[in-house]
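I would ask everyone to look at the model on the screen while I go through its charged pairs.

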Amino acid sequence: MSLLFPSSGSTTLTEMTATTSVTTSPAPTVDFCHGDPCGRNLATCVSLNSSYTCVCQYGFYYNESNENCYRGKVFPATIAVNANYTDSLQDVNSTEYEDMFNNLSKFFKEALGNLTDYVETVIMEIQRPSKSRNSVPVRVKVTSLFRLDSPQDNNTVYSAVRDAIGKENNSYVESYLEAKHCDIYQCDTKTTECKEGTIPECKCKFDLERTEWDDRSCSACSKDCSAARHKYCVKEEEVPTCKCMANFKTVSGDCVPCPVGYSGEECSDNTELILIIVGTVFGAIILSLVIAVSIISVRAKHKRSPEKRSLIKSGYSDTNTSDDRPSMFPRVQTTSGHANPGYQPHNPYEMSSKNRDRFPERDYDDMYETSREPRGFRTQSRY
């Protein structure tokens, strides 16, 4: 009997199965697995609608003679089946599933039975159609198993199946496409990455690890996801995720402090940076205003009025009695002294010669003369 089963449904049997999950509907009227017909070793019994099948881990086949599982040579593929899809195909206890089971067992025994060391073909997954629920054909993922030391390869298996399809005008299997092991093995893509091999390996993604209940998934955060490394574990959509604590961000797998001005989860909040920029700008403006006001005040304090600057000479308060130094009293600049630049005499007797014709010349001698002294003027007799 070929070992065939689907991968999804209402109930899963995970014990000793390394292929996809076995699905069952509510228990059938007759339990064909009663009494452990598959033995008590590595095989798992699955009750069908009117019989049972024995299931081994991925890459292993069931030997009826000693009721045990053995390592085999696996050839994964995706086939198109000439049948209508119904939801009942996802139920191993349904009549529809058992019909497909029997038809595929018959087809592959005829196609591969003449090849040396062929053992069985196993249904891994019956794919749901993307559009019409009654679409034809139905896509099915399968694995054909040979004994481990079999000389067969992908080319011989492919050629044998293609020949079997071409022999019948209305073959139950319409097409056969080779596949990778990871395409069939079905690692949990959210928590693992599939490593290709004869028996694929579902490697945990970064910061995740596998528990004793996990087979093809990693449902826990690793020990490195700890407060000591500024990390914490949280489940998002039932998937464990290791995140950095607040005010830290991920850099090359490590959590590093946020740069100045940033905060929050993954340093996405830049409010502090905005405040720093605004504060710096306003501080610069205020400092500029203070400097400007100070300069204006200093200039205003030392600035003389135009009247004071024109009437009073600097240094008038110097008490030095030297003739070359100013006196303690300010000197007032007028237009009545000869020392003033541009002096124009108002005494008609001392005016220029062009005006002398209008006035009589002085015909007497001054008895006194005026001399300048440090403290003022002194009048004394000429004689």
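Let me begin with a term: a residue is called buried when its relative accessible area is under 20%, exposed when that area is over 50%, and partly exposed in between.

First, the overall picture. What we have here is a predicted model. The protein comprises six helices and 19 strands. It has 383 residues, of which 32% count as buried. Its accessible surface is about 24,700 Å², and carbon and sulfur atoms contribute 50% of that area. Among contacts in the protein with a separation of 6 or more, 49% are between residues 24 or more positions apart.

A word on confidence. The average pLDDT is 79, and 70% of the residues score at least 70. Over residues 1-24, however, the pLDDT is below 50, although this stretch has 102 contacts in the model beyond near neighbours in sequence. Where pLDDT is low, the predicted coordinates should not be read in detail.

I now turn to the salt bridges. Side chains of opposite charge can pair when their charged atoms come close. How many salt bridges does the structure hold? The count is eight.

Consider lysine 141 and glutamate 125, whose side chains form a salt bridge with an N to O distance of 3.7 Å. Lysine 141 belongs to strand β8, residues 138-147, and glutamate 125 to strand β7, residues 118-126, so this pair ties together parts that are 16 residues apart in sequence.

Next, lysine 231 pairs with aspartate 207, with their closest N and O atoms 3.3 Å apart. Lysine 231 lies in strand β14, residues 231-236, whereas aspartate 207 sits in the loop between β11 and β12; the pair therefore ties together parts that are 24 residues apart in sequence. Are these two residues buried or exposed? Lysine 231 is buried, at 7% relative accessible area, and aspartate 207 is buried, at 10%.

Finally, arginine 40 and aspartate 36 meet in a salt bridge at 3.2 Å, N to O. Here arginine 40 is exposed, at 76% relative accessibility, while aspartate 36 is partly exposed, at 39%.

Key. Residues numbered from 1 in each chain as written. Predicted model: local features only at pLDDT ≥ 70, side-chain atom pairs only at ≥ 80, totals over all residues. Heavy atoms only, no water. Helix = DSSP H or I, 4+ residues; strand = E, 2+ residues; numbered from the N terminus. Buried < 20%, exposed > 50% of the residue type's maximum accessible area, 1.4 Å probe, protein only. Contact = heavy atoms within 4.5 Å. Areas by Shrake-Rupley, 256 points an atom, 1.4 Å probe, with all protein chains shown as cover. pLDDT = per-residue confidence, 0-100. Salt bridge = Lys/Arg side-chain N within 4 Å of Asp/Glu carboxyl O.
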